[in-house]
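Me: I would like to learn how to read a few features of a model, one at a time. Please give the general idea each time, then the case at hand.

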Amino acid sequence: MLHGTITYGTMYAMDTYFWYAVTPAVNLTMVAGAITQAFVSLDRILDVMRNVPEVVEQPGAADLPDDVRGDLRLESVHFAYGPDKPLFDGLDLHLPAGKMTALVGHTGCGKTTVTSLLLRLWDVQDGRVTLDGHDVRDLTLRSLRRHTGVVPQEPVVFEGTVFENIAYADPDATLEQAEEAARAAQIHDFILTLPDGYQTWLGKEGSKLSVGQKQRIAIARAILRKPAVLILDEATSSLDSESEAALQAAMRTVLRDRTSVVVAHRLSTIVEADQIVAMDAGRVIEIGTHDELMEIEGGFYRHLYEELKGKQHAGEVEA
Ligand SMILES: Nc1ncnc2c1ncn2[C@@H]1O[C@H](COP(=O)(O)OP(=O)(O)O)[C@@H](O)[C@H]1O
Ligand SMILES: [Mg+2]
C-alpha cells in the first residue's frame, strides 16, 4: 500500500464497509469532505470505519435468496439515537417492491434515518425492519449490502481512474459494461471530454467534478451493481439546468424496475414517485401519489409542495 493512495483491490475488499462510509448516518460530513479532496488514504477510511455503529451479525444469519423482490417494511419501529426522546415511536411504513417511494419533509424529520434503518446501519430498539419478509437482523450483512445500493447526497470520488470509480465494486466488469452504465447515467459524453476518457485519473481532479457529475458517476456505479433496492439521497445544491436534466434522466433509468427510496428535494423527482411519504418530526403525516395528496384541502404535503415550489422558483433548490 502506497502512502496516501488506495488500490483497486483494497477498495473492492472494503466494499462492505463502503456503504457505511458513504452514509450520512455516521455523520461523515467532515470526513467525506476530506475524502472528496481525493486524498483517500486507508487510514482515513479506517478512521471512518471506527466511527461506525456496531451492528452485529447474528449467529445463523442467512443470505437472501437470489430472486430478491425488494419489498421493504418498517413495522412498529421504535428508534432513538440516544437517551433523548425517541425519533420514531411506533413507525409503520411499507415500501412496495419495484416501486419508487419519495420521502419528503423538513430537515430533521427523519428521512435519512429511515434509509439507514432499511440498510441496517442501526438496529431498531423495538419493532422490526423487513426485506421480503425477512427481519434484516436475520440476514448476513454481506447479503444485505449486496442487494442494496446507495447513491449518497455528496458522492465520494476515489483516487483512481474514471473506469475504476464506476467499476470498483465489480472486479470483473468490462470497459463496455462501465460505458453502458455511464451512458444510462448520462455521464458517458462528459467522460469522453476528459483528457484520457475512461482512463482519466481522478486524483485532485476528482474534486473538480461538480456535485451533479459526482452523483451521475455514483449512479453509474449503482447501475453496474444492479441492486434490488436502491437508496438515493438527492443533492440539495443547485445544479445548472443542463446537469439537472441529465441527472433527472439518469435517475429515471436507475430507478426503473427496482425498489427505490429517494430522499427527494426536487419537485420533478417528487412528482414522479409511485408513493410519496410526507413526514414530520418522526411521524408519517400523509402517504399517496402527488395527485392524491394535492387534493387534500389544507394538507401537509400540499403546503410542503407550495413551499418548495416557491423556493425553486426563487432559484434555491435547497429543501
Ligand atoms: N447520528 C446521529 N446521532 C444523533 N442524532 C442524529 C443522528 N442522525 C440524525 N440525528 C437526529 O435525528 C433526527 C432526524 O435526522 P435525519 O434522519 O437526518 O433527518 P432528515 O434526513 O429528514 O433531515 C434529527 O433531529 C437529527 O438531528
Ligand atoms: Mg437527510
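Me: Which residue forms a salt bridge with glutamate 234, and how far apart are the closest N and O atoms?
Reply: Side chains of opposite charge can pair when their charged atoms come close. In this predicted model, the partner of glutamate 234 is arginine 266, with the closest N and O atoms 3.7 Å apart. This pair links distant parts of the chain, 32 residues apart. Glutamate 234 sits in the loop between strand 9 (229–233) and helix 11 (241–255), while arginine 266 sits in the loop between strand 10 (259–263) and helix 12 (267–272).

Me: Are glutamate 234 and arginine 266 buried or exposed?
Reply: Both glutamate 234 and arginine 266 are buried.

Me: How many salt bridges does a search of the whole structure find?
Reply: The search finds eight. One of them joins glutamate 179 to arginine 183, where the closest N and O atoms are 3.8 Å apart. For that pair, the helix itself is worth a look. An α-helix has 3.6 residues a turn, so residues three or four places apart point the same way. Glutamate 179 and arginine 183 are both in helix 8 (residues 175–184), four residues apart, or about one turn of the helix. Arginine 183 counts as partly exposed because its relative accessibility is 46%.

Me: Next, helices. What does the span of helix 11 from its first C-alpha to its last come to?
Reply: The span is compared with the one expected at 1.5 Å a residue. Helix 11 has 15 residues and reaches 21 Å, close to the expected 21 Å. After helix 11 comes aspartate 257, which has a positive phi, near 60°.

Me: Which residues of helix 11 are buried, and what covers them?
Reply: The buried residues are Ser243, Glu244, Ala246, Leu247, Gln248, Ala250, Met251, Val254 and Leu255. Their cover includes strand 3 (100–104), helix 8, helix 10 (211–225), strand 9, strand 10 and helix 12.

Me: Which other residues have a positive phi without being glycine?
Reply: Among them are arginine 120, with phi near 55°, and glutamine 186, with phi of about 60°. Arginine 120 belongs to the loop between helix 5 (111–118) and strand 4 (126–131), and it is buried, with a relative accessible area of 2%. Glutamine 186 belongs to the loop between helix 8 and helix 9 (188–193); at 38% relative accessibility, glutamine 186 is partly exposed.

Me: In what sense do strand 11 and strand 12 pair, and over how many bridges?
Reply: Strand 11 (residues 275–280) and strand 12 (residues 283–288) pair in the antiparallel sense over five bridges.

Me: What does phenylalanine 88 touch, beyond residues up to four places away in sequence?
Reply: Among its contacts are Met279 and Gly282, as well as Val77, His78, Phe79 and Cys109. Phenylalanine 88 lies in strand 2 (residues 88–95). With a relative accessibility of 0%, phenylalanine 88 is buried. Serine 76 is 12 residues away from phenylalanine 88 in sequence and 8.8 Å away in space, C-alpha to C-alpha.

Me: How many residues surround ligand 1, and which are the closest?
Reply: There are 12, and the closest are Gly108, Gly110, Lys111, Thr112 and Thr113. For polar contacts, ask which atoms are involved. A polar backbone atom of glycine 108 is 2.7 Å from an oxygen atom of ligand 1. From lysine 111, a polar side-chain atom lies 2.9 Å from an oxygen atom of the ligand. With tyrosine 81, a polar side-chain atom lies 3.4 Å from a nitrogen atom of ligand 1.

How values were computed. Residues numbered from 1 in each chain as written. Chains lettered and ligands numbered in written order. Predicted model: local features only at pLDDT ≥ 70, side-chain atom pairs only at ≥ 80, totals over all residues. Heavy atoms only, no water. Salt bridge = Lys/Arg side-chain N within 4 Å of Asp/Glu carboxyl O. Helix = DSSP H or I, 4+ residues; strand = E, 2+ residues; numbered from the N terminus. Buried < 20%, exposed > 50% of the residue type's maximum accessible area, 1.4 Å probe, protein only. Pairing = 2+ DSSP bridges. Contact = heavy atoms within 4.5 Å. Expected span 1.5 Å × (residues − 1). Near = heavy atom within 4 Å. Polar contact = N/O pair within 3.5 Å; in protein donor to acceptor, adjacent residues only side chain to side chain.
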